[in-house]
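Open the model in your viewer and show it as a cartoon. The tour below says what to select at each stop.

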Amino acid sequence: MDEKKEDKSEESKRNHITYYRSLTKIIEDMKNEINEEVEPAIKEHLSSRIDAMEKDRKRIRDLFPNMKLEEWDANAN
């Protein structure tokens with residue numbers, strides 16, 4: 001099976017930054033939801049979704065290794 005080539009153009013970089021920051025916001029919201037939730041099954045489900053999103057964020061950071069973590073998180077809020 002052929003390996004997919006990742007687009008590392010400036011436009012792709014901007015799109016990935018936008019997506020990365022949206023994931024950051026979603027993760028923050030889910031963490032707040034976990035703190036308010038009482039049902040263990042829901043907490044576990046949210047935690048597993050957060051783990052998947054964190055892996056996606058790492059994948060995105062690895063695509064553009066020249067960017068510092070501070071740049072990824074700048075103006076994320």
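## Stop 1: Ser12

Select Ser12; apart from neighbours within four places in sequence, Ser12 is in contact with Asp7 and Phe64, where contact means heavy atoms within 4.5 Å. This is a predicted model, in which local features need pLDDT of at least 70 and side-chain atom pairs count only at pLDDT 80 or more, while totals for chains, interfaces and linings use all residues. Residues are numbered from 1 along each chain as its sequence is written, and side-chain values use heavy atoms, with hydrogens and water left out.

Is Ser12 buried or exposed? Ser12 counts as buried because its relative accessibility is 6%; buried means under 20% relative accessible area, exposed over 50%, and partly exposed in between (1.4 Å probe, protein chains only). Ser12 has its place in helix α1.

## Stop 2: helix α1

Now select residues 10–36, which make up helix α1. Helices here are DSSP runs of H or I with at least four residues, strands are runs of E with at least two, and both are numbered from the N terminus. The 27 residues of α1 should span 39 Å at 1.5 Å a residue, and the end C-alpha atoms are 39 Å apart, which agrees. The expected span is 1.5 Å times one less than the number of residues in the helix.

Colour the buried residues of α1: Ser12, His16, Ile17, Tyr20, Leu23, Thr24, Ile27, Met30 and Ile34. They pack against α2 (40–63) and α3 (69–73).

## Stop 3: helix α2

Move to α2 and select Leu46, Ile50, Met53, Asp56, Arg57, Ile60 and Leu63, which are buried. What do the buried residues of α2 pack against? Their partners are α1 and α3.

## Stop 4: the whole protein

Zoom out to see three helices and zero strands, in the order α-α-α along the sequence. The radius of gyration is 15 Å, well over the 11 Å that the globule rule gives for 77 residues, so the protein is more spread out than a compact globule. That radius is taken over C-alpha atoms, and the rule is 2.2 Å times the number of residues to the power 0.38. Along the principal axes, the C-alpha atoms fill a box of roughly 45 × 35 × 15 Å. Of the 77 residues, 27% count as buried.
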